[in-house]
Amino acid sequence: MPNEIRTTALFFAPFVSSPMRVEPQWIDYNGHLNMAYYHVLFDRAVDEVFALVGLNQDYIEARKASFFAAECHVLYKRELTEGDMVRVTAQLIAFDDKRLHYYLEMRHASEGWLAATSENLSLHVDMTNRKVTPFPADILANLAIMKAAHAQMPRPATVGRMIGMPEKSAITLGAPEAERETETRH
């Protein structure tokens, strides 16, 4: 429409997803949410947040492009059980012409405790040739607005965290003093 007025996108910091319920079929033999379904819940929130910048099903169909997960680092902090309601917050940490770096926190919807975090890197992909490609200008502009809103938030302490085992004191296993083998106690 020639007289259409375009408004600047508004992004909350952080973005907060719709409430989501832990489904009975997602509970494993330990009686808690199976690790795979934390990813399902995070992924549903990612769909919500990036739809705000224009990355949704319509984008895929109209522009023949999407974004794919390239790396994910999840920290499981507290068990979720059947019927628990959660919300996921999202913070855009950084972006460039082809990549998105973002951080997610999953919290119990009514009690507020932290269940898990997820740090992610996604790539913009041309769906025709399945190759990484630059975002179009309008998507980059929306990402810049989202990043400006999210830049007011503190950088999460776990962003960039590496998996590793901290050094523990060594213990000895049943050999004479001079010949003892050491093992790290967990």
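In this predicted model, Thr117 touches Phe42, His73, Val74, Leu75, Tyr103, Leu104, Glu105 and Thr158, residues up to four places away in sequence being left out of the count. Thr117 belongs to strand β6. Its relative accessible area is 4%, and because the limit for a buried residue is under 20%, Thr117 counts as buried.

The structure holds one cavity of 30 Å³ or more, and the space in the largest cavity amounts to about 40 Å³. Thr117 is part of its lining, together with His73, Leu75, Tyr103, Glu119, Thr158 and Arg161. Strands β3 and β6 each contribute at least two residues to the lining of this cavity. Sorted by class, the lining of the largest cavity comprises two nonpolar, three polar and two charged residues.

Strand β3 also contains Ala65. This residue is buried, its relative accessible area being 6%. Ala65 and Asp126 are 61 residues apart along the chain, yet their C-alpha atoms are separated by 4.4 Å. Asp126 is also among the contacts of Ala65, which touches Tyr59, Ile60, His124, Val125, Asp126 and Met127 when residues up to four places away in sequence are not counted. Of the elements involved here, β3 spans residues 65-76 and β6 spans residues 114-126.

Two or more lining residues come from each of α1 (35-51), α2 (57-63), β3 (65-76), β5 (99-108) and β6 (114-126). The lining of the largest pocket divides into 13 nonpolar, seven polar and two charged residues.

A further feature is the largest nonpolar core, which has 35 residues; Phe50, Leu55, Leu80, Leu100, Met106 and Leu143 touch the most other members. At least two residues of this core are supplied by each of α1, β3, β4 (85-95), β5, β6 and α3 (137-150). Helix α1 gives the most to this core, with seven residues.

Lys64 is not a glycine, but its phi is positive, near 55°. It is placed in the loop between α2 and β3. Lys64 has a relative accessible area of 46% and is therefore partly exposed, since the class of exposed residues begins over 50%. Arg130, likewise a residue other than glycine, has a positive phi of about 55°. Arg130 is found in the loop between β6 and β7 (131-132). The relative accessibility of Arg130 is 55%, so this residue counts as exposed.

Conventions:
Residues numbered from 1 in each chain as written. Predicted model: local features only at pLDDT ≥ 70, side-chain atom pairs only at ≥ 80, totals over all residues. Heavy atoms only, no water. Helix = DSSP H or I, 4+ residues; strand = E, 2+ residues; numbered from the N terminus. Nonpolar A, V, L, I, M, F, W, Y, C, P; charged D, E, K, R; others polar. Buried < 20%, exposed > 50% of the residue type's maximum accessible area, 1.4 Å probe, protein only. Contact = heavy atoms within 4.5 Å. 1 Å grid on protein atoms, 1.4 Å probe; cavity = no way out; pocket = protein on both sides within 12 Å on 5 of 7 lines; lining within 4 Å. Points joined across faces, edges and corners; volume = space filled by probe spheres on them. Core = buried A, V, L, I, M, F, W, Y, C linked by side-chain atoms within 4.5 Å.
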